[in-house]
Amino acid sequence: MRGRRHLLELAALSAPEIEHLLDLADSFGGITQRAIKKVPTLRGRTVVNLFLEASTRTRTSFELAAKRLSADTLSISGGSSSVVKGETLLDTARNLAAYQPDIIVLRHRHAGAPHLLAANIDASIVNAGDGAHEHPTQGLLDLLTIRQHKRRIDGLKVAIIGDIAHSRVARSAIVGLSRLGAQVVVCGPPTMLPPGIEALGCTATLCRDEAVADADVVMMLRIQKERLSEELFPSDREYARRYGLDSATLRKAKPDCLVMHPGPINRGVELEPAVADGPQSIILDQVTNGLSVRMAVLYHCAGGGEA
Amino acid sequence: MSEVTLITGGHLLCPWAGLDGPGTLEIIDGQIVAAHAGGVEPGPGAIRLDATGCLVTPGFVDLHVHLGEPGFEHREDLASAGAAASRGGFTTLCPGPESAPVNDHRDLTEALVRRGRELSGVRIRPVAALTRGLRGERLTDMFDLASGGAVAFGDGDRHIADAGLLRRAMEYSRAVGRPLFVWPEDATLVHGGVMHEGSVSTRLGLAGIPAAAEIAAAWRAVVLAEQTGAVIHLGPISTAGAIEALRAGRAKGLTITASVGGAHLHLTDEEIGKAYSTALRVRPPLRPRADVEALRGALAEGLIDTVTSLHRPHSAVEKEVEFDLAEPGMAGLETTLGLVLRLVDEGALTLRRAVEVLTAGARVLGLPEGTLAPGAPADVVVFDPKSKVRVEAESLRSKARNTPFLGQALPGRVAWTLVGGRVIYAAERGEEWP
Amino acid sequence: MSALVDRRLVLDATAMRRAIRRLAHEIIEKCEPLDRLALVGVRTRGVPLAHRLQALVHEVEGVRPPVGELDITLYRDDVFEGLDLPVVQPTVLPFEVAGRSIVLVDDVLFTGRTTRAALDAVMDWGRPRAVHLAVLVDRGHRELPLHADFIGARIETQRDESIRVQLCEIDGVDRVDLQGRPERRGEDA
């Protein structure tokens, strides 16, 4: 609507557009170093955080990002919304739209929900994770973190291991990494490798060691037991042995290989504690970068409506 | 005094009656009397419809529709369904049993047939439930329902999980003399899927329905039909794999007919990737291009008998939601003729075959209508296959707007629709001529 | 009448060099003690100017005040008004701002809005003892109650004219031009 700028998915962005957002995020990173960690850029603007699925990290990160840009924020989470009372998503959003927010940040359990809002609501929509589709700000922060450590994305080998089928983090990462020229290999048990995943720009393998071999980055995904409605692997023990990351497996990667995880970690399932807390782990950098990426995204989206 | 209607100046096209040429169709008291090669001088009091530039064909027969009534009148009712059907050239509708209450009782079947004709203007020929309450447990009183007007039996789009029950139902249906409708989709393989499982569902993060859900169910039905000798109808089908099952059954000489939805002959799962449009959430799901091509081939070849609208009217409440939560189905009564004629334009079907696939439902069910042969009920549609009609929310006669074809111009403008010799739809200039 | 932008040289390389040298001397006089002084260039052309001033201060006094680089994009009041979003560049202040005597360095002082944004930006880094403003060119037409403490050159301009500053470090040449708008000239004629 009216030329609003949205961020619905990384799949819709070109390589230069992604690079631009990463550059912006890099600049915003500096704000955290100052005495006053706040700029007046979005003063008088309203950002609604509509989180209809449980999330602490992403919501906190978006909220702080908006506040550091001096926006007014309004946070609505699953429990407190009328969605539970049977109101549709669109009705909830229309009610919020009556306050004329500039940006609605949406976290929702159904894929495509941000597209529904973008088509019907007059506000910039930022996807904070929709079902198993995408989590574009997570994808951007993963890219930013890798770029900061490796100085490049192009030409890196990145292994993504775990439940690819149900992971929006994986989809955004695959799309973003491959668009910037990385060689992406996804790996997981066959029940967690969805058909046609290669079309997103990666290769797939069932063998963990093959995925990890000579990798520059290994990204482990969280096993989301609460989301699984069917039997996709026999036991945690078997999963940890075949698809978890331990120090021995990590040695097959390049010596300076980075270890990433979107959190929260199931210690001992997808990541051995020694690896999670080891020198190659950049998990905490991911959290820090999440803030600058979200500031960059809010800044970028807020600029769209005026043209 | 007899009521005489003459449809003159048009091109009579009826594969079942062997008609394909200019001529005059003579209707007396609701029955087709003769097709004259030349003109006929109208007697006093005769109604004359000038069909110059138009095709004159049997009215279309649709095997899979939802009428909304009873139970879902906010989506559609008998009057609006009839209005939509007649504008789309349909004169016989076979509503599935998934109404509320379920059509598993003779009283409801009879009421539907009687009130349906009265309120909709078209012939309503229900497909009654195969199991009580569609629960897949106990068979309905099939003889009783048949004498009440049920033309076939089936549990609509519900999967009958119990193969033993399906076998018994097939056996029993032979005595009842009505075909058994099998909607080939194994619910355990669907498992919450909302679109075709493949690279598009993977990209969109939507749960997929594997082609195997349909193929496995189709083969099971074919194998059981062979075991029981039942007359079955497989449909709607959407995959190349189900076509193979159908082909194998036919090769064995089994009496298996099949149908396909009009939209499934054009749209692929790729379309959903554009913006998660809930108008594209349908059952069976839209499949990849290769399946669409296979369906077109099987339809042209005669393996698939008939095209259905798969009319599933929904209100905005049911569609302006997340894709996962949207009710499946699209409204189809007013677009199916156009979609079939578009196949003709694209060279995928001959015009003659197009008319055949729109009327073959009557042969599937053994009905008297759906032909211009002398003695048949005068269910006739007169349409201009070249002229295009734009699908617009304002001009649709259905209550529902859930069609992905809004804004598109589809070929085929219906001029008149007759049921039992009576005009139930006449295009008005200004409304229909853009 | 020419359709080209009418361009008039107002400072050549020599004049510019003298102006900057004069600025440096004024800063030295006014900003004692020099060990508390910091020069903060406002991006883009304030940055090389700040470096030149640093060199001059060093040449004269033997002390080298630190130089910072300030990006004011996020503080501008017109940030969302253009068609394209300005690129945000890093702000680098490699010294403790609190207690410092800061000289903001910019190429042109016009409406004062940039300076207002720069002041806000500096304040967010800490509480300086004092903030001064040094500009190469003051062209008038203020929209805010601000003035420069150190001015290289005052140039009379029309409101719709523009001042173009070129510096060797960025543009390969040192000069300042005043240019009119051809379409406006057409209207005037």
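In this predicted model, helix α1 of chain C passes helix α2 of chain C in a right-handed crossing, a term that applies when the near helix is turned clockwise from the far one by less than a right angle. Helix α1(C) spans residues 13–30 and helix α2(C) residues 46–61; the two pack at an angle of about 60 degrees, with their axes 9 Å apart. Helices here are DSSP runs (H or I, at least four residues), numbered from the N terminus, and axes are lines fitted to C-alpha atoms over the stretch in contact, with angles running from 0 to 180 degrees between N-to-C directions. On the α1(C) side, the residues that meet α2(C) include Met16(C), Ile20(C), Leu23(C) and Ile27(C); their counterparts in α2(C) include Leu49(C), Leu53(C), Leu56(C) and Val60(C). By class, the residues of this contact comprise 11 nonpolar, 1 polar and 4 charged. In this scheme Ala, Val, Leu, Ile, Met, Phe, Trp, Tyr, Cys and Pro are nonpolar, Asp, Glu, Lys and Arg are charged, and the others, Gly among them, are polar.

The interface of chain B with chain A brings 16 residues of chain B into contact (heavy atoms within 4.5 Å) with 23 residues of chain A. About 1500 Å² is buried between the two chains, 61% of it from carbon and sulfur atoms; buried area is the accessible area (1.4 Å probe) lost on putting two parts together, summed over both. Thr202(B), Tyr276(B) and Glu322(B) supply 36% of the area that chain B buries against chain A, more than any other three residues.

Across this interface 1 salt bridge is found, defined as a side-chain nitrogen of Lys or Arg within 4 Å of a carboxyl oxygen of Asp or Glu. Arg94(A) forms a salt bridge with Glu320(B), their closest N and O atoms being 3.6 Å apart. Helix α6 of chain B (residues 199–204) gives the most to the side of chain B that touches chain A, with 4 residues. That side of chain B divides into 6 nonpolar, 5 polar and 5 charged residues.

Between chain C and chain A, 16 residues of chain C are in contact with 21 residues of chain A. These chains bury about 1600 Å² between them, with 64% on carbon and sulfur atoms. The salt-bridge count between chain C and chain A is 0. The side of chain C that touches chain A has 11 nonpolar, 4 polar and 1 charged residues.

Residues are numbered from 1 along each chain as its sequence is written, and chains are lettered from A in the order in which they are written. Local features need pLDDT of at least 70 and side-chain atom pairs count only at pLDDT 80 or more, whereas totals for chains, interfaces and linings use all residues; side-chain values use heavy atoms, with hydrogens and water left out.
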